[in-house]
Amino acid sequence: RSFFRVRFFRSRRALCGSFASRRARTFATSKMASRLALLLALLLGAALVGMVCPSKVSEEPSDLPEGRVASRGWGDSIEWWSVAAGLAEAAKQNKPIMMVIHKTWCGACKALKPIVAASQEVSKVSKEFVMINAEDDEEPKGAQYTPDGGYIPRILFLNSKGEVDSSLKNSGGNPSYAYYYSNADEIVKTMSKAITKLGKGAEPEL
């Protein structure tokens, strides 16, 4: 009787062990399946976000003339140029330059873009300038392009030789950020001063 009792308990333990092992394997398999399902859901979500909100900046339209760039939100009615082509065009036409330096990630730039784009006066007066749109890494290097710092956005005015006139600044703005503008009226005011000072290739005031 003792012998059969021992075998019974051993058999019971073996069955319990086998059952526990199966439960553990089932649990592990279920957990792995849940993780895979979560990973697939995350990948699908990332793909959908990428479709709706692409991380890269849109490429320039292919139908633009050589040297021209898209408005990038600064006003489609304005004729925008790249830095190199704009400097060459200004020398060719003997016209002053208005250069907008900005970054795609900059909140202040994003706030100013629609203000400039909506201004009919800025669009009208822009015809007296070669308008340069310098975005991100297109920002030109050199001390003359950072007369009071490298903050953004900055709006600079240059003569036809490509020389920055540091006296043409936002007289009604913050003196610590003299080349930053918060509204279209301030920009138009400085544009008018620039036409008077820099028209017909006049020398800039450094």
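Student: What covers the buried residues of α2?

Tutor: In this predicted model, the cover over the buried residues of α2 includes β1 (80-81), β2 (97-102) and β3 (130-135). The buried residues of helix α2 (residues 83-93) are Val83, Ala85, Gly86, Glu89 and Ala90, and they lie on the same side of α2 because they cover an arc of only 160° around the axis. Ala84, Ala91 and Lys92, on the other side of α2, are exposed.

Student: What makes Ser82 a cap of the N-terminal end of α2?

Tutor: A side-chain oxygen of Ser82 lies 3.4 Å from the backbone nitrogen of Ala85, and a polar contact requires such a pair of atoms to be within 3.5 Å, so the pair qualifies by that cut-off.

Student: Why is Arg72 called buried?

Tutor: Buried means under 20% relative accessible area, and Arg72, at 14% relative accessibility, therefore counts as buried. Arg72 has its place in the loop between α1 (2-52) and β1, and its phi is near 55°, a positive value in a residue other than glycine.

Student: Why does Asn94 count as partly exposed?

Tutor: The term applies between the limits of under 20% for buried and over 50% for exposed, and Asn94, at 33% relative accessibility, therefore counts as partly exposed. Asn94 follows α2, in the loop between α2 and β2, and its phi, near 60°, is a positive value in a residue other than glycine.

Student: Which peptide bond is cis, and what is its omega?

Tutor: The bond that joins Ile152 and Pro153 is cis, with omega about -5°, and Pro153 has its place in the loop between β3 and β4 (154-158).

Definitions and conventions:
Residues numbered from 1 in each chain as written. Predicted model: local features only at pLDDT ≥ 70, side-chain atom pairs only at ≥ 80, totals over all residues. Heavy atoms only, no water. Buried < 20%, exposed > 50% of the residue type's maximum accessible area, 1.4 Å probe, protein only. Helix = DSSP H or I, 4+ residues; strand = E, 2+ residues; numbered from the N terminus. Arc of directions from axis to C-beta. Contact = heavy atoms within 4.5 Å. Polar contact = N/O pair within 3.5 Å; in protein donor to acceptor, adjacent residues only side chain to side chain.
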